[in-house]
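Reader: I have a model open and would like to go through it with you piece by piece. Where shall we begin?

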Amino acid sequence: MGVDYDTFAGKVGKNIRKARWLRGWTQGDVAAQGISYRYFQEVERGERNPTMRMLFELAEILGVTVADLTNVAGARPGATALTSLKADPPPRGRKPKKRK
């Protein structure tokens with residue numbers, strides 16, 4: 001089994017912190033880009049649940065991808081990356097007939 005949510009959130013926060021450190025930025029530098037300082041601190045500590053939009057914005061600000069931020073070792077042991085799988089869309093079915 002993978003990690004629980006709290007562990008996952010904490011590891012995502014550590015990934016965000018590491019991305020910030022790679023830029024050489026402080027939390028205040030990120031906050032200057034339009035994100036609440038307190039909110040950003042709580043996301044880094046794994047105490048807040050950032051929306052997908054916020055993860056996207058953080059990735060843009062920090063110069064990484066959302067996948068970089070959410071890549072958590074152990075989350076799904078043995079999982080195959082979706083990008084490595086070939087998948088065709090399901091066949092389209094007929095629309096159901098209207099009931100009388």
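Author: Let us begin at the start of the chain, bearing in mind that this is a predicted model: Gly2 is found in the segment that comes before H1.

Reader: Is Gly2 buried, exposed or partly exposed?

Author: Gly2 is partly exposed, because its relative accessible area is 30%, and a residue counts as buried only under 20% and as exposed only over 50%.

Reader: And how far is Gly2 from Val72 in space?

Author: Their C-alpha atoms are 9.9 Å apart, although the two residues are 70 apart in sequence.

Reader: OK, stepping back, what is the secondary structure of the chain?

Author: The chain has five helices and zero strands, so that, read from the N terminus, its elements run α-α-α-α-α. Among contacts between residues at least 6 apart in sequence, 60% join residues at least 24 apart.

Reader: Now the inside. Which residues have the most contacts inside the largest nonpolar core?

Author: That core has 17 residues, and those with the most contacts inside it are Ile16, Val30, Ile35, Phe40, Leu58, Leu62 and Leu69. The elements that give two or more residues to this core are H1 (5–23), H3 (37–44) and H4 (52–62), and the largest share, six residues, comes from H4.

Reader: What is Leu69 in contact with?

Author: Leaving aside its neighbours within four places in sequence, Leu69 is in contact with Val12, Asn15, Ile16, Ala19, Leu55, Leu58, Ala59 and Val64.

Reader: Back to H4, then. Which of its residues are buried, and why do they end up on the same side?

Author: The buried residues of H4 are Met54, Leu55, Leu58, Ala59, Ile61 and Leu62. They lie on the same side of H4 because they cover an arc of only 165 degrees around the axis. In general, an α-helix has 3.6 residues a turn, so residues three or four places apart point the same way.

Reader: What covers that side, and what does the face turned away carry?

Author: The cover over the buried residues of H4 includes H1, H2 (27–31), H3 and H5 (66–70), whereas the face turned away from the buried side carries the exposed residues Met52, Arg53 and Glu60.

Reader: What follows H4?

Author: H4 is followed by Gly63, which has a positive phi, near 75 degrees, and which lies in the loop between H4 and H5.

Reader: How about H3, is it mostly covered or mostly exposed?

Author: H3 is mostly covered, with six of its eight residues buried, namely Tyr39, Phe40, Gln41, Glu42, Val43 and Glu44. What covers them includes H1, H2 and H4, and just after H3 comes Gly46, with a positive phi of about 80 degrees.

Reader: Last topic, the rings: how many aromatic pairs are there, and what lies over the face of Trp25?

Author: The count of aromatic pairs comes to zero, but Arg23 lies over the face of Trp25, at 4.4 Å from the ring centre.

Notes: Residues are numbered from 1 along each chain as its sequence is written. This is a predicted model: local features need pLDDT of at least 70, side-chain atom pairs count only at pLDDT 80 or more; totals for chains, interfaces and linings use all residues. Side-chain values use heavy atoms; hydrogens and water are left out. Helices (H or I, at least four residues) and strands (E, at least two) are DSSP runs, numbered from the N terminus. Contact means heavy atoms within 4.5 Å. A nonpolar core is a set of buried Ala, Val, Leu, Ile, Met, Phe, Trp, Tyr and Cys residues joined through side-chain atoms within 4.5 Å. Buried means under 20% relative accessible area, exposed over 50%, partly exposed in between (1.4 Å probe, protein chains only). The arc is that of the directions from the helix axis to the C-beta atoms. Rings of Phe, Tyr and Trp (its six-membered ring) pair if their centres lie within 6.5 Å; planes under 30 degrees apart count as stacked, over 60 as edge-to-face and the rest as tilted. A charge sits over a ring if NZ of Lys or CZ of Arg is within 6 Å of the ring centre and within 35 degrees of the ring normal.
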